[in-house]
Amino acid sequence: MAMVASLSSMAVGTAAKLKAKPHLLAPKTLTLQNAPSTISFRSYQTLTTISIPSKNPMLPPIKSLPPPLEYEAASGSLKSRLAAGETLYGLFLLSASPTLAEIAGLAGYDYVVVDMEHGSGGISDALPCLRALAATRTPAVLRLPEPSATWAKKALDLGPQGIMFPMVDTPAAAAHAVACCRFPPRGIRGSAHTVVRASAYGLDDGYLTRCEEEILVMCQVESFDAVAEIEAIAAVEGVDVVQMGPMDLSASMGYLWDPGNRKVRKVLRDVERKVLGVRKTRTEADAAAEGGGAGGPYLGGFAMPHDPPEELKARGYHLVAGAVDVGLFRRAAVEDVQRFRLVQTEIGEEEDEFEKPREESYWSE
């Protein structure tokens with residue numbers, strides 16, 4: 001049909017040159033002879049034959065496609081670095097901004113927690129952030145809005161290195177969190193691993209053999225009820241990190257927005273010692289057992305103005321989140337505006353611009 005249309009156009013063009021009516025010169029008959037070598041058509045009482053090569057010399061012959069490239073999984077997981085004795089420094093991403101996620105990764109943070117509990121973003125917003133972090137080779141942790149199997153399933157399918165469950169108050173809740181991260185029969189995670197990002201959309205053949213060992217299951221202890229059962233929570237098999245939440249802990253104790261309260265700090269120190277004690281006991285037991293083991297849970301925390309990151313590291317924390325992206329920008333923005341408004345200009349005083357000291361740093365810094 002395309003050839004017929006093309007030949008008809010040729011006939012119309014010829015008719016225009018002869019100043020004749022196009023319909024008089026339109027093709028009357030169209031026959032195929034030894035297709036696709038020749039095509040003949042009769043126009044204006046003249047038989048015209050066009051030869052068409054049976055093979056296009058510009059196109060190479062079609063060959064069989066090569067086998068797909070073997071997928072190579074990324075190395076250097078959070079778990080492996082923690083097992084090697086590193087203390088990791090991270091950032092909470094509340095803005096759901098891929099740009100800020102990328103900057104955080106380029107800045108050198110060991111991990112970034114994409115926060116879906118308090119931030120404005122959901123699963124669809126988290127995905128671009130994970131892609132931005134992956135481009136900088138920075139591990140991502142997704143904090144869920146609630147400790148549910150539905151949220152865990154969707155988050156795990158995106159392929160983060162860690163999942164943070166908020167408000168884990170009992171050993172049963174901790175066991176549920178672990179089950180959400182494991183496929184049946186060991187858990188309750190739904191299976192769509194052949195088409196999701198976590199398995200490189202099915203290209204990673206080894207995903208099932210290692211995903212449960214590589215994912216970092218983080219349980220937040222952030223209520224006074226959880227404190228009462230902290231050792232039982234920390235002892236649940238599969239809980240990799242006990243993450244302290246000083247803000248909510250202070251609120252549950254009746255000291256809203258006062259995590260630096262002496263009573264809150266005392267409770268927090270007691271919890272820290274108990275978690276580290278469980279880790280030590282479990283690690284020693286696993287080391288003595290045949291084949292060894294992963295040991296007890298790591299201790300994660302969030303730095304506060306009264307409790308800076310270096311203090312947490314000195315007390316034995318293994319993962320320390322130092323700031324929130326929104327908080328960093330807020331502080332920088334407020335300081336920038338205040339710096340401008342505090343500038344005092346003497347009326348009538350002239351300064352030699354060549355004598356004025358210059359800032360060495362770029363203006364936006």
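**Close-up views of a predicted model**

**View 1. Strand 5 and its buried side chains.** From strand 5 (residues 111-115), Y111, V113 and D115 point one way while V112 and V114 point the other way, and all are buried. Buried here means under 20% relative accessible area, exposed means over 50% and partly exposed lies in between, with a 1.4 Å probe and protein chains only. Strands (E, at least two residues) and helices (H or I, at least four) are DSSP runs, numbered from the N terminus.

A word on the source: this is a predicted model, in which local features need pLDDT of at least 70 and side-chain atom pairs count only at pLDDT 80 or more, while totals for chains, interfaces and linings use all residues. Residues are numbered from 1 along each chain as its sequence is written, and side-chain values use heavy atoms, leaving out hydrogens and water.

View 2. Strand 4 (residues 88-93) runs parallel to strand 5, and 4 bridges join them; two strands pair if DSSP finds at least two bridges between them. L93 has V114 as its bridge partner in strand 5. Strand 5 also runs parallel to strand 6 (residues 140-143), again with 4 bridges, and here V114 stands opposite L142. The chain gets from strand 5 to strand 6 through helix 5 (residues 123-135), in a right-handed β-α-β crossover. Strand 4, helix 4 (residues 98-107) and strand 5 likewise make a right-handed β-α-β unit. Right-handed means that, with the strands pointing away from the viewer, the path from the first strand over the helix to the second runs clockwise.

**View 3. An aromatic pair, F92 and F302.** The whole structure holds 2 aromatic pairs. In this one the ring centres of F92 and F302 are 5.4 Å apart and the planes are at 90 degrees, so the pair is edge-to-face. Rings of Phe, Tyr and Trp (its six-membered ring) pair if their centres lie within 6.5 Å; planes under 30 degrees apart are stacked, over 60 edge-to-face and the rest tilted. F92 in strand 4 and F302 in strand 10 (residues 298-302) are 210 residues apart, so the pair links distant parts of the chain. F92 is buried, at 6% relative accessibility.

View 4. D157 lies in helix 6 (residues 149-157) and is buried, with a relative accessible area of 16%. Leaving aside neighbours within four places in sequence, D157 is in contact (heavy atoms within 4.5 Å) with R189, V196, R197 and A198.
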